[in-house]
Amino acid sequence: MGRIGYFFLYLCLSIVAVFQIFPIIWLFLFSLKDNREIFAGSPFALPSKIKWENYLSVWEGGIGTYFFNSVWITGVSIFLTLLFGSMAVFVITRMNWKLNKFVLGLFMVGLMIPIHSALIPLFSMFLNVNLIDNPWAIVLTYTAYNLPITMMILLGFYYTIPREIEEAAIIDGASLHRLFFTILLPISAPILSTTAIINMIYNWNEFVFVNTFISSDKYKTLTVGIQNFVGQYMTDWGAIGATLVISVLPILIAFLFFSNKIVEGISSSAVKG
């Protein structure tokens, strides 16, 4: 490819990058306007007066609680999903037993179950065990729903791990628990980072389960708590924009810090040898 080819390639990539970044910039400018500017002015105009008060008002309106709930619920759910998913994949791929393919099939069936079809059964089950309006209902639901996709990603990587590593560890006297926690898990760090990002995106942005199982403001997450800024007669759109900016930042930061790990994880699970 010559200079002209590279020029047009980089030009196309730059245009795509602008289209990708523009919504984030627009949202940030949106969060610095009041309702009059938002509806009366051009949507592409800069704010005539920067209203940092929008961020202050959402923080005083309880956004800190919603943010903290989103952080710990997402974090705990990701930890449990990666731990249980890794354990299940380890047992299915590295041990020989009759029902391993059948059990794997049962997990994969979870990919075909729509979220909305499980709302009523889950609500009934959590109601019977007194977990309605309890954040642990959300943690358990996220963990269960993310297990199939997590296991599917981990499967390709675990099949590429040479068995000689395990044989050498067992000869040195390592137990199954030590083999898993001190050898296989550290080796799996790149692919675990990839699955963690995927789970984070789903857990952080999920709305239906939280809106169904949680009613108290002290347990709500960002995606549901934003409804508190929508009034019957008046809606503070600047405050909603500030809330959206706050909710987007953790995902962007995660991508910036773990983008290399994501590419490395995808490559390691796709190439044998």
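**Figure 1. Secondary structure of the predicted model.** The secondary structure of the protein, shown here as a predicted model, comprises 12 helices and zero strands. From the N terminus on, the elements accordingly read α-α-α-α-α-α-α-α-α-α-α-α. The C-alpha trace spans about 70 × 70 × 30 Å along its principal axes. Of the 273 residues in the protein, 40% are buried. Among contacts between residues at least 6 apart in sequence, 76% join residues at least 24 apart.

**Figure 2. Spans annotated as transmembrane region.** The unreviewed UniProt entry assigns the annotation "transmembrane region" to residues 7-29, 66-90, 102-124, 136-159, 179-202 and 237-258. Residues 102-124 are 61% helix and 0% strand, with a distance of 28 Å between the end C-alpha atoms.

**Figure 3. The crossing of helices α3 and α6.** Helix α3 is formed by residues 53-94 and helix α6 by residues 135-158. The axes of the two helices come within 7 Å and cross at roughly 40°, which makes α3 oblique to α6. The crossing of α3 and α6 is right-handed. By class, the residues in the contact of α3 with α6 are 20 nonpolar, eight polar and one charged.

Figure 4. Thr-195 belongs to helix α9, which consists of residues 189-205. Its relative accessible area is 1%, so Thr-195 is buried, the cut-off for this class being under 20%. When residues up to four places away in sequence are not counted, Thr-195 touches Leu-82, Thr-150, Ile-153 and Leu-154.

**Figure 5. Asn-130 and Asp-133 in the loop between α5 and α6.** Helix α5 covers residues 119-128, and Asn-130 lies in the loop between α5 and α6. Asp-133 is also placed in the loop between α5 and α6. Most residues other than glycine have a negative phi. Asn-130, a residue other than glycine, has a positive phi near 60°. For Asp-133, likewise not a glycine, phi is positive at about 60°. Asn-130 counts as exposed because its relative accessibility is 65%, the class requiring a value over 50%. Asp-133, by contrast, has a relative accessibility of 22% and therefore counts as partly exposed.

**Figure 6. Surroundings of Lys-49.** Lys-49 is located in the loop between α2, residues 35-40, and α3. Its relative accessibility is 60%, so Lys-49 counts as exposed. Lys-33 and Lys-49 are separated by 16 residues in sequence, and their C-alpha atoms are 7.4 Å apart in space.

How values were computed: Residues are numbered from 1 along each chain as its sequence is written. This is a predicted model: local features need pLDDT of at least 70, side-chain atom pairs count only at pLDDT 80 or more; totals for chains, interfaces and linings use all residues. Side-chain values use heavy atoms; hydrogens and water are left out. Axes are lines fitted to C-alpha atoms, for helices over the stretch in contact, and angles run from 0 to 180 degrees between N-to-C directions. Helices (H or I, at least four residues) and strands (E, at least two) are DSSP runs, numbered from the N terminus. Angles under 35 degrees count as roughly parallel, over 145 as roughly antiparallel, 65 to 115 as roughly perpendicular and the rest as oblique. A crossing is left-handed if the near helix is turned anticlockwise from the far one by less than a right angle, and right-handed if clockwise. Ala, Val, Leu, Ile, Met, Phe, Trp, Tyr, Cys and Pro count as nonpolar, Asp, Glu, Lys and Arg as charged, and the others, Gly among them, as polar. UniProt positions are given in the numbering used here, feature names are shortened, and annotations may be inferred rather than shown by experiment. Buried means under 20% relative accessible area, exposed over 50%, partly exposed in between (1.4 Å probe, protein chains only). Contact means heavy atoms within 4.5 Å.
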